[in-house]
Amino acid sequence: MATKARNIRMTQTKQSLINAFFNLASKKDFEKITIADITRGAQVNRATFYAHFNDKYDLIDFIMGDFASASIKNHTSGVVKFDLDSIHQLILAVSDFYQQPNIECRSSYGGLVLPQMQEKILNELKAFLSKSLEQMYTDNEKNMFVPIFAQIIHEGALQWATGSVTTNKEEVAKKIALFIVAGSQSFEGASR
């Protein structure tokens, strides 16, 4: 029972640190945010911060990873399949992921957050795709196709999220999903 209470308290404290960071991020450039600022906002001491994160870069890395996994889980309902609907939902998840962070678009965050966002969402996509393709492809084929499919999904969603594509999100997701699934089926047919 004591472990459960400690876990809940640790989760609440971690969320408090994250909330304090978001509050500061809307007002200050990242370089100017200190651990003292974050701990003051979360009403905890420095040791508590360091019990959860190594530094503010570790904090933002955690936030991006959490956003990535939550976005995919929310869109796929945790069901791991490789079909039109699942790929469609992955594309929507990535599109939403790029719109999700509550960090104001301050110049200091662009160079820091965007590469981390890309890395985190691509890792989550690869994990999902690798699981969904287990029964369809050999390990060598998965090693080849998973990164390719992840990049296609990511790039299509990013094109929409940045406004490079003016087609609505659902239409973009539908076309890319069809492209990936049809391509996969063509490969399966050709390899038999």
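Colleague: Is Phe145 buried or exposed?

Modeller: This is a predicted model. Read burial from the relative accessible area: under 20% counts as buried. Phe145 has 13%, so it is buried. Phe149 is also buried, at 6%.

Colleague: How do Phe145 and Phe149 pair?

Modeller: A pair of aromatic rings is described by the distance of the centres and the angle of the planes. Phe145 and Phe149 are 5.6 Å apart, centre to centre, with 15° between the planes. That pair is stacked. Both residues sit in helix H7, 4 residues apart, which is about one turn of the helix.

Colleague: Why is the pair of Phe21 and Phe22 tilted?

Modeller: Their ring planes stand at 50°, so the pair is tilted; the centres are 6.2 Å apart. Both residues are buried. Ring pairs also join Phe21 and Phe22 with Phe30, Tyr57 and Phe67 in a cluster. The structure has 11 aromatic pairs.

Colleague: At what angle do H4 and H5 cross?

Modeller: Two packed helices are described by the angle between their axes and the distance between the axes. The axes of H4 and H5 cross at roughly 145° and come within 8 Å. The crossing is right-handed. Among the contact residues are Phe67 and Ile72 of H4, and Leu90 and Val94 of H5. By class, the contact has 9 nonpolar, 4 polar and 1 charged residues.

Colleague: Which residues touch the most other members of the largest nonpolar core?

Modeller: Phe21, Ile38, Ile87, Leu129 and Ile153 do, in a core of 52 residues. H5 gives the most to this core, with 8 residues. Beyond its sequence neighbours within four places, Ile153 contacts residues including Ile87, Leu90, Val94 and Leu129.

Methods: Residues numbered from 1 in each chain as written. Predicted model: local features only at pLDDT ≥ 70, side-chain atom pairs only at ≥ 80, totals over all residues. Heavy atoms only, no water. Core = buried A, V, L, I, M, F, W, Y, C linked by side-chain atoms within 4.5 Å. Buried < 20%, exposed > 50% of the residue type's maximum accessible area, 1.4 Å probe, protein only. Helix = DSSP H or I, 4+ residues; strand = E, 2+ residues; numbered from the N terminus. Contact = heavy atoms within 4.5 Å. Axes fitted to C-alpha atoms, helices over the stretch in contact; angles between N-to-C directions. Left-handed = near helix turned anticlockwise from the far one by under 90°. Nonpolar A, V, L, I, M, F, W, Y, C, P; charged D, E, K, R; others polar. Phe/Tyr/Trp six-rings, centres within 6.5 Å; stacked < 30°, edge-to-face > 60°.
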